[in-house]
Amino acid sequence: MKEKFTFQHFVIRQDRCAMKVGTDGVLLGSWAGWSETVPDRPSIPFRRVLDIGTGTGVIALMLAQRFPEVQVNALEIDRDACLQAAENAKESPFADRLRVIGKSLQDFCRSEPSPHYDLIVSNPPFYSSNQFLESPDAKRDRARRTGTLTYPELFKGVKQLLGANGVFCTIIPAELSESFSAEGYLAGLVLTRRCFVKTVERKAAKRCLLAFARQRTFPLEDETRVLMTPDGKLTDWWARLSRDFYLTAR
């Protein structure tokens with residue numbers, strides 16, 4: 001695994017982070033707050049953004065690049081990852097608009113009770129604390145488990161911090177989309193967009209991008225997208241979505 005990942009406008013150093021830069025993070029950072037299906041949808045003026053569990057800081061940096069007016073707060077509970085994300089932010093062109101905070105979501109909610117974030121994003125832990133994961137990297141295992149942030153706790157924090165017209169975007173395994181969405185409804189949030197993502201057309205969807213809001217003003221936007229063509233090239237959709245980030249065509 002590379003210890004440095006170079007994007008067009010910033011560099012991610014990741015030697016101290018358990019979770020490295022991957023397609024999931026780039027998908028979420030590219031997709032959050034964007035819609036090709038409904039191009040005439042009124043855009044939300046994103047000014048305050050929160051990234052929960054920022055890891056390397058890649059999603060926070062992508063959002064700072066995409067929305068030039070935003071101020072981004074990025075939460076990270078792991079000390080090494082927090083320090084590295086802060087270094088990545090400091091060395092980027094967006095250093096004055098990005099703050100990395102070494103707190104859990106639960107602690108952060110106690111210090112910021114007002115619901116004023118226009119966009120909240122999270123690439124959350126996937127696995128429950130009682131699932132067995134075969135990995136020699138204990139820190140990576142911890143980062144992938146929901147023990148420190150369960151889905152109900154995540155939605156509780158999002159509900160508290162999300163502005164009246166705000167949007168919460170996330171990416172999860174496709175097989176968890178129904179149960180995860182149900183947690184959102186229980187918390188009082190409504191699913192507004194859902195995008196299942198396949199690696200190639202012939203395979204089942206591996207990931208699901210989800211967007212929630214306090215209320216739905218448009219019909220649910222529901223789609224399935226594919227990353228790679230049969231000959232190994234980027235699909236038009238994925239090429240358009242990621243073109244401002246990857247250094248070279250993949």
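Me: Which residues does Val70 touch, not counting residues up to four places away in sequence?
Reply: In this predicted model, Val70 lies in the loop that runs between helix 2 (58-66) and strand 4 (71-75). Leaving aside residues up to four places away in sequence, the residues that Val70 touches are Phe46, Arg47, Val49, Leu63, Ala64 and Arg97.

Me: What separates the C-alpha atoms of Val70 and Arg97?
Reply: Arg97 is one of the residues that Val70 touches, although the two stand 27 residues apart along the chain. The separation between their C-alpha atoms is 6.9 Å.

Me: Is Val70 buried or exposed?
Reply: A residue counts as buried when its relative accessible area is under 20%. The relative accessible area of Val70 is 0%, and therefore Val70 is buried.

Me: Which class, buried or exposed, does Thr192 fall into?
Reply: Thr192 is found in strand 8 (residues 190-198), and its contacts, not counting residues up to four places away in sequence, are with Ala211, Phe212, Ala213, Gln215, Arg216, Pro219, Leu220 and Glu221. The cut-off for burial is a relative accessible area under 20%. Thr192 has a relative accessibility of 12%, so Thr192 counts as buried.

Me: How many nonpolar residues does the contact of helix 6 with helix 7 have?
Reply: Helix 6 passes helix 7 in a right-handed crossing. On the helix 6 side the residues are Tyr151, Pro152, Leu154 and Phe155, and these meet Phe180, Glu183 and Gly184 in helix 7. Sorted by class, this contact has one charged residue, one polar residue, and nonpolar residues numbering five.

Me: What percentage of the residues of the chain count as buried?
Reply: The secondary structure of the chain comes to eight helices and 10 strands. The chain exposes about 12300 Å², of which carbon and sulfur atoms supply 51%. Of its 250 residues, the share that count as buried is 51%.

Note on methods. Residues numbered from 1 in each chain as written. Predicted model: local features only at pLDDT ≥ 70, side-chain atom pairs only at ≥ 80, totals over all residues. Heavy atoms only, no water. Left-handed = near helix turned anticlockwise from the far one by under 90°. Helix = DSSP H or I, 4+ residues; strand = E, 2+ residues; numbered from the N terminus. Contact = heavy atoms within 4.5 Å. Nonpolar A, V, L, I, M, F, W, Y, C, P; charged D, E, K, R; others polar. Buried < 20%, exposed > 50% of the residue type's maximum accessible area, 1.4 Å probe, protein only. Areas by Shrake-Rupley, 256 points an atom, 1.4 Å probe, with all protein chains shown as cover.
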